Amino acid sequence: MEPENNIYEYDAEFRDVISTVDAEGKRVWVYPKKPKGYFHRARAVVAVFLLSLFFLVPFIKVDGHPFFLFNVFERKFIIFGAAFWPQDFILFALAFIAFVVFIVLFTVIFGRFWCGWACPQTVFMEMVFRKIEYWIEGDAPQQRKLDKAPWTQEKILKKTSKHIIFLLISLLIAHTAMAYLIGIDEVREIVTKSPMENLSGFIGLLAFTAIFYGVFARFREQACTTVCPYGRFQGVFLDKKSIVVAYDWLRGEKRGKLKKNATPPADQGDCIDCKLCVHVCPTGIDIRNGTQLECVNCTACIDVCDEVMDKVNKPKGLIRYTSEEQIQHGHSKIFNTRSVAYSVVLVVILGLLTTLLATRTDVEATMLRVPGMLYQKTDNGEIQNLYNVKFINKTFSDVSLELKLENFSDGTIERVGGEPIKIGPNDLTDAMFFVRIPQAEIHTTKTELEVGVYHDGELMVVEKTNFLGPIVLKK
């Protein structure tokens with residue numbers, strides 16, 4: 001019988017190798033034992049909630065508009081029903097920084113809790129695709145046996161049906177992901193019409209489907225161990241106070257098997273070295289070696305170890321959520337200098353973000369003097385400048401705007417062509433304007449100009465720009 005490729009032979013040298021790559025650099029396929037237990041059931045409930053959210057949100061509309069839309073192609077974004085534009089870059093930047101600081105803070109305190117419970121990769125892999133695999137091919141030993149077996153009718157049937165289901169689910173995920181980008185109505189249009197009528201959308205859906213299928217059918221845990229940078233930042237984020245899935249080495253060591261009708265040695269710990277914590281790990285690591293890059297805190301090792309402890313009449317929690325300091329000294333503080341510092345930074349950023357959101361206007365204007373154009377002198381003795389004004393309507397209603405000069409009461413501002421300024425819902429428009437100011441009020445070559453943008457008589461925003469006048473010689 002051919003010896004089984006044993007991924008559990010690296011205990012002593014685990015820091016020098018990746019559990020899913022052998023000595024020759026080839027992929028070691030992981031066959032994790034089917035997980036079960038308290039934490040797995042809790043994670044399943046969370047996964048159902050998150051998956052429901054993911055698939056339902058694109059269908060939610062507020063006043064006929066998407067609740068969430070991240071249309072990077074047309075640079076239109078709707079978040080919680082409010083429209084945002086690239087001109088809101090500062091808000092996006094602050095929100096992104098706040099998110100990063102929150103992730104850092106959360107990781108400092110709770111380790112990779114996000115990876116195990118809420119990361120889309122883990123949720124889809126462990127709670128959708130892996131469960132289908134268990135359902136069709138059986139638990140880890142049956143899967144291993146099936147892969148080594150010749151291509152019989154049974155194997156072809158199982159493998160084909162599994163991959164067809166994988167492909168269909170990938171197709172569903174791709175359509176949902178696309179709905180977040182271009183909206184559910186546009187996705188429906190792509191699906192119901194000939195691919196040639198919307199070739200780019202059709203190719204996008206195919207590409208998304210191929211990526212999701214490749215990741216969940218073949219790439220799997222490699223996405224966490226070799227692509228995702230989050231795991232690699234653990235060395236920076238985590239410290240001895242961080243709460244992670246950890247093995248209580250003080251209680252577990254020295255490991256040893258239990259023999260029937262025999263008293264274990266006095267120095268033997270609670271770990272019976274059954275290696276089930278390794279067999280159940282979806283990334284193929286041995287948690288008893290400590291926190292490792294590959295560990296996504298999925299809690300499968302906690303469940304299986306608790307089950308074993310029950311069977312050998314020992315307390316649960318040999319592997320549990322805890323910190324290294326808690327294991328070593330029996331006490332730990334969640335908040336330390338680092339976490340307090342990150343909390344302060346996060347509060348400051350969130351405060352700034354809240355202020356900017358509260359003062360954000362529904363209409364935005366950008367006013368620039370037309371490049372290459374000098375000032376002109378009119379027959380009435382006024383100095384005239386030509387401006388290009390870009391208006392953005394961030395609401396879902398038509399708006400009519402009016403411009404007024406705020407700091408020159410005798411000056412005038414007039415749209416070229418004289419048409420009223422009307423902007424459609426969540427749209428932008430450009431218009432050219434002449435600004436005329438009596439020469440007697442121009443005392444410098446560059447004069448600051450304040451232009452108020454009004455909607456139904458209400459001042460929406462004041463745009464500042466420069467007004468170019470004749471050269472004034474200093475006396």
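**Exercise 1. Is Phe-113 buried, partly exposed or exposed, and what is its relative accessible area?**

*Solution.* The model examined here is predicted. Step one: locate the residue; Phe-113 belongs to helix 3 (residues 113-117). Step two: take its relative accessible area, which is 31%. Step three: apply the cut-offs, by which buried means under 20% and exposed over 50%. Phe-113 is therefore partly exposed.

**Exercise 2. Identify the residues that make the nonpolar surface patch, and the helix that gives the most to the patch.**

*Solution.* Step one: list the members. Phe-110, Phe-113, Ile-334, Phe-335, Val-340, Val-344 and Val-348 make a nonpolar surface patch of about 600 Å². Helix 15 (residues 337-358) gives the most, with 3 residues.

**Exercise 3. Describe the salt bridge between Asp-88 and Lys-394 and the parts of the chain that the pair ties together.**

*Solution.* Step two: check the distance. The N to O separation between the side chains of Asp-88 and Lys-394 is 2.9 Å, and the cut-off for a salt bridge is within 4 Å. Asp-88 lies in the loop between strand 5 (82-84) and helix 2 (89-110), and Lys-394 in the loop between strand 10 (382-393) and strand 11 (399-405), so the pair ties together parts that are 306 residues apart in sequence. Step four: determine the accessibility. Asp-88 is buried, at 4% relative accessible area, and Lys-394 is buried at 5%.

**Exercise 4. How many salt bridges does a search of the whole structure find, and which residues are linked in a network of salt bridges?**

*Solution.* Step one: the search of the whole structure finds 29 salt bridges. Step two: Glu-133, Glu-137, Asp-147, Lys-159, Lys-162 and Arg-220 are linked in a network of such contacts.

Definitions and conventions. Residues are numbered from 1 along each chain as its sequence is written. This is a predicted model: local features need pLDDT of at least 70, side-chain atom pairs count only at pLDDT 80 or more; totals for chains, interfaces and linings use all residues. Side-chain values use heavy atoms; hydrogens and water are left out. Helices (H or I, at least four residues) and strands (E, at least two) are DSSP runs, numbered from the N terminus. Buried means under 20% relative accessible area, exposed over 50%, partly exposed in between (1.4 Å probe, protein chains only). Patches are made of residues with over 30% relative accessible area and no salt bridge: like charges are joined within 9 Å, nonpolar side chains (Val, Leu, Ile, Met, Phe, Trp, Tyr) within 5 Å. Accessible areas come from the Shrake-Rupley method with a 1.4 Å probe; for residues, only the protein chains shown count as cover.
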